[in-house]
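Welcome! Please take a look at the sequence and the structure below, and then read on for a short tour.

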Amino acid sequence: MNRRRARSKLNTWQITVPVDPQEVPDYYVVIKEPMDLQTLEDNVDMNKYPTLEAFVNDTRKIFVNCKNYNGEGTRYWTCACQLEKFFEDKVRDYKSRSAK
């Protein structure tokens, strides 16, 4: 998936970089396995994902964390759900093309 396209798909500013504990002091108390798009991209650049599933699992953490921390009905929860659907559709498309 094109990184720029994924980032421009939705308003993703709240999941783009690691959460600053100075701005959100309880975040790391609530979220035990933080993940964000910058860390994900850095991991890709450093070849830290031996499989597609390892990459997918870390990406899913972003959505789970965002929804768990912010709660249903918030704009952050809604954005995470929309981006999650976009991501899962792209993964499904990739897997179906790769299987051929």
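A residue counts as buried under 20% relative accessible area, as exposed over 50%, and as partly exposed in between (1.4 Å probe, protein chains only). This is a predicted model, in which local features need pLDDT of at least 70 and side-chain atom pairs count only at pLDDT 80 or more, while totals for chains, interfaces and linings use all residues. Residues are numbered from 1 along each chain as its sequence is written, and side-chain values use heavy atoms, with hydrogens and water left out.

Let's begin with the overall build. The protein has five helices and zero strands; helices (H or I, at least four residues) and strands (E, at least two) are DSSP runs, numbered from the N terminus. Of its 100 residues, 31% are buried.

Next comes the core. A nonpolar core is a set of buried Ala, Val, Leu, Ile, Met, Phe, Trp, Tyr and Cys residues joined through side-chain atoms within 4.5 Å. The largest one holds 14 residues, and Ile-15, Leu-40 and Ile-62 touch the most other members. Two or more residues each come from α3 (37–45), α4 (52–70) and α5 (75–98), with α5 giving the largest share, five residues.

Finally, the cysteines. A disulfide is a pair of cysteine sulfur atoms within 2.5 Å, and by this rule the protein has zero disulfides.
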